[in-house]
Structure formats: structure tokens, C-alpha cells
Amino acid sequence: MTSAICAHSVVEPSGRSKSIAGSLVVVYALLSMLPLFWIFLTAFKSPPDSIAYPPKVIFKPTMDGYCGLFSTISRQTPEYIASLPPPTSICDKVARARNMVVAGPSNFLPRFVNSLVIAFGSTALSVLLGVMAAYAFSRFRVPGKDDLLFFILSTRMMPPIAVAIPVYLMYRWLGLSDTRSGMILLYTAVNVSLSVWLLKGFIDEIPREYEEAALVDGYTRLQAFRKIVLPQAATGIVATAIFCLIFAWNEYAFAVLLTSGQAQTTPPFIPFIIGEGGQDWPAVAAATTLFLVPILGFTVLLRKNLLRGITFGAVRK
Amino acid sequence: MSETTVPLTIAEHAARATPDAVARQVRGLSDRAIAWLFISPTILLLLAINIFPLVWTVRLSFTNFRANRPNAKILGVGIDNYVSVLTDPDVWAAMQSTAHFLFWTILLQTALGFALAWLVDRRFKSHGFWTTVILVPMMLSPAVVGNFWTFLYQPQIGLWNYAVQFLTGIPAASFSMIGSVKLARWAIVVVDTWMWTPYVMLICLAGLRSIPGYIYEAAEVDRASPWRQFWTITVPMALPFIMLAVLFRGIENFKMFDMVNLLTNGGPGSTTEVASITLKREAFEKWRTGYSSAFAIILFVTVFGLANIYVKALNRVKSR
């Protein structure tokens, strides 16, 4: 067979065009991963290696970054360090090699915990509210349905800073500034719109016949909702939850304006990881790596539903 | 009135005495009641956290209130705040920065995103895996991304400057993406494009895949050249999807705050001060609450208008 007579199907591109397309896409993918890979490497560099010129690809890996992230260190005289008992942890060892001692834990862990609590708390609430509202919008005749749905979506489009001015005043007045519950409430309000729109799409896809059969069998509406609809919508609920989780995890504008200590999440904290003379890049890189890794996992989990999520459920495939 | 005076029957007494939970078990709630019971918590939350503050902002925008002086006398100033926002050269400079940012990010992302989607649609081996890899940047926190790009943009030691030196021979120490008045605007465009091209790609890909194969087969029968097929079938049929992506990126980038705040914080000077950064400065650094409320309302009305068009576009795509 020669290629001249073997005309390929239009739907199925030819082998050569496939491999050219493939290699271009792979090149783009690798280039776009380079910054992330670089941050991952930097987390294992010593501070001098991290700012070496030319940039070092091959270096001696150290735990400086991760130790700098989880502990605060202070400079001491070599005599003082020599007088100490032998180091008990790897971070002790790393610090003493640079004439430093570990002074105590850093604020990173509490900030990370705040991120977790606020992200999971607001996700649970927004999915709960979302699944209820979505079910009602999907199954019942609600007066002004389209307007209500548009209203719900439009709240997500508001510029965060514009919302933050009055929320800042309101929270100060209610005593909710810099509290986890305040942040959970705020993120729930932002996420509930996405949650309603996405879940409505998922529930629309469940045939009504299942519920109707259950109603005939003597279930009440609420029982049918709980025992028929919820299990059927499980995949959709999980996908929606992951989207809410990612938003709350990544959010910065509200976090930086409304929290300062107690309830501060990780994104506003990372830029303030300071070492001697400016940002401590290995520690910042370590924090960034730890912060981004969960997202990588979620992206893989979500890949089939990503399109739905980013278009509020409008594009399904 | 009359209902309360009529003596209750025994059955009515029993009905009233039955705890709600039991009554629901027996009768089940009416559909109408369930609908409102299920929708109202969401609406109440949005009213409390979004609408009430919004109304408050509108009220503040007509006053000279300053949040750092809660005890000062609040005076109504009419529409003065709106007038001064709209005549403020700083605001127009911010609008210009925003326009530059919007124009270039959308142009680059649409071009790159569509090209990538078209390539992925060739369905080469393991295209699913590579698509997922490409999608990663858009899932990340814009703030954290902005922060680590300041590291990549460091003069001399940054990976970006080194790559530029490697490719073009311009010495890595001779320029600073963030520090230079000329380059800073492009620094934010590059990062945003890196981050959001995958988004446009994903939506374009859905558009390309929604085109039925038989149209191409018919075109092939008619001996239409691939070039002609591309411009008369592929582009027009994917257009609603492209528009959707463009609109959404437009809305998001019009509000852009987190990435730019951490990458350049509006600097150097105010070259990259996009609208949200100006708003933050006025509201939380200069504490001109009344003035910034007026600015916030103006931004909000703009976004609301865009959102309206966006939802219409969503519905059009949905009916495909």
C-alpha cells in the first residue's frame, strides 16, 4: 500500500500528522512543567545553591528548605554550638552545619492546618447547601427559577476586593475577623454558586423515573431524595466537592485581607517565609511544593469532570 | 382573623400537637415546601454574605466614611465619590493597565489554547495523559504561582532570565522582568498565559469534539482543501466555545488580583497596577472607604454586565 492510494479517513488523522501533533504537545507540556519542576528541585537545595549562577541542575540535596520551613533557626557562635549535646534530629544537624540552632517550630504547620480546616469545612457546607438547592431547582417548579440561578451565579463573578470592603467592616462588627468560622462562612458563600450549578447538571442527568417509582412505593419526597437521588449523584457530589476544596485551598484575596494570625491560611503566609536577607527560597519552594502536591492529586482525580467544573456544568463531555 | 376565633376541632388539636418531625413522617412535606426548604438556606447565605454587604457598599459609596476612623462623623457627599473616581487619572491609568493585561492575555491564550486543542484533537498516542499534564497550571493557587514566579524572574539567578540568555544571548543579569517599567507589564502577561492557556485549550477541545465527523466527510467528498475545511467548518463551529472561554477569561482577568499582587504588587511605580490592585490600595492602604466603595460599585456593574453576556453564551453552548 502506498500512501497515495491509502487515503486516510477524515475523522482519523494520518500517522505522520499524529506524531507531529503529539511531539508538539509533549514539548509544550514539558516546557510548562519546567517552572514546577524547578520549584520542586529548589526545595532540596541549600540556600547558596538556590541562588547560584548559572542555575544548578546537579547539586547536593539537603533538607535545609524543609527544615527552614518547619522550624525557626537563629545564628549562634561556633563555641556555643560546640558546647551543645549532639544533634537529635536531621534539622538540628542541618542548622548546626550553618552555625545555626533550631529555636522552635515555625508558623507553617498551624497555617497549613488552618487551610485544611477552612477548606474542608467550607466544602462540606457548600456541598450540603448546593445539593439541596440543586435538587429543588432540578425537580420542582420554582417561580423565577432562571433569575434565581443567574443571581446565584452572579455572586461568584463579583470582584473579591469589592466584596471584601463591606465584609471586612461586617466581620469586624460581628467579631468574625480572623476566625476560622468567618472564613468558612465566606468561602461557603463563594462556593455555593458553583456547587448549585454543577450539582444541578448532575441531578438533571438522573432519570426522574427512579424517584417516581419510589414515590409510588410509598416513599416520601425526602426519603426518595435521600435513598434514591443522593446515591445516584455520588460521583457528581465528589467532583463538586473537589472543585470547592480546590477553590478554598487556593483562595488568597479574602484570606490576606480578612485574616492576619489565628485563622491565616497558607497562601498569604508563603510570601512571608523570610530567611537571612530576603525570602528564604528553599523554604518557600518547600512550602510551595507541599501546598501544590494535593492539587496535583486532585487534578488527576477530576480529569473527567474538569470541563464541567470550569464551565459551571454547561459543557458536559 | 376569623380563623382564630373558630374553636378547634379535636383533629386540629391533634395536628397542632404533633411534633413536626412526626407529622413529616406521616404525610411527607409538600413539593412546594421542600423546594423552598431546600433553596432558602442558599439564598439566605448569599443575601447575608453577598447582598447585604453589597447594599452596604452602595450606602458607603455616598459618604466620606473611612474604616480606620470609625468614630469620625459620617457625612453624605452625594455622588462626589463617583465623580472623583471617574475623573481620577490614577483610575484611568489602572484601567489602561487592565486593558493591556486583558488584551494580551486573551489574545495569547486563545491563540495558544486553540492551537493546542487542535493538536490534541489529532488523537495521538497517550494524548489523554499529556492533556492532564498540560492542565496542571490552571489548578494551582494564583497567589502561590505569583510568588514563585518572582523567584524564576530574579535577574541573573532566575530560571527565566537564564533561559532568555540561553536562547537569545541577552545577558541574564542585564534585565529584570519585575523591576523594569517596560517589562513588568509583560511579566504578568507571561505568567497568566502560562497558567490559563490550558483553560482555553480544554474548552476549545470540547468545541472541536462537538463537530460531527460527517461534516468533514461531506467536505472531503466535495474536495474542499484542508485549509478551507479549517476556516469554513472547524473555526465557525468551535466559535461559541472559544467565545465562552474568552468571556470567562475576560471576567476573571478584569478582576485579577492575587497573582499580580504577589508578582509585582502593581509596581514598578504603578505600571502593573490593574483595577483590583488600585482598589486594594484605596480601600486597605489609604482607607478611603467611601471612595473605594464607589470604585467597587463601578467595577461590579461592569462585571455584572459581562456576567450577563457570559450566562447567555453558556446557555447557547449548552443547547449544542
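Biologist: What should I know before reading the model?

Modeller: It is predicted: local features need pLDDT of at least 70, side-chain atom pairs count only at pLDDT 80 or more, and totals for chains, interfaces and linings use all residues. Residues are numbered from 1 along each chain as its sequence is written, with chains lettered from A and ligands numbered from 1 in the order in which they are written.

Biologist: How many helices and strands make up chain A?

Modeller: Helices (H or I, at least four residues) and strands (E, at least two) are DSSP runs, numbered from the N terminus. Chain A has 16 helices and two strands.

Biologist: Why is chain A called more spread out than a compact globule?

Modeller: The radius of gyration is taken over C-alpha atoms; the globule rule is 2.2 Å times the number of residues to the power 0.38. For 317 residues the rule gives 20 Å, and chain A has 26 Å, well over that, so it is more spread out than a compact globule. Its C-alpha trace spans about 85 × 75 × 40 Å along the principal axes.

Biologist: Where does H9(A) bend?

Modeller: A bend is the angle between axes fitted to the seven residues ending at a residue and the seven starting there. H9(A) bends by about 35° at Asn191(A).

Biologist: How many residues does each chain bring to the contact?

Modeller: Two residues are in contact if their C-beta atoms, placed from the backbone, lie within 7 Å. Chain B brings 78 residues and chain A 81 residues. Helix H4 (residues 31–60) of chain B gives the most to its side, with 14 residues.
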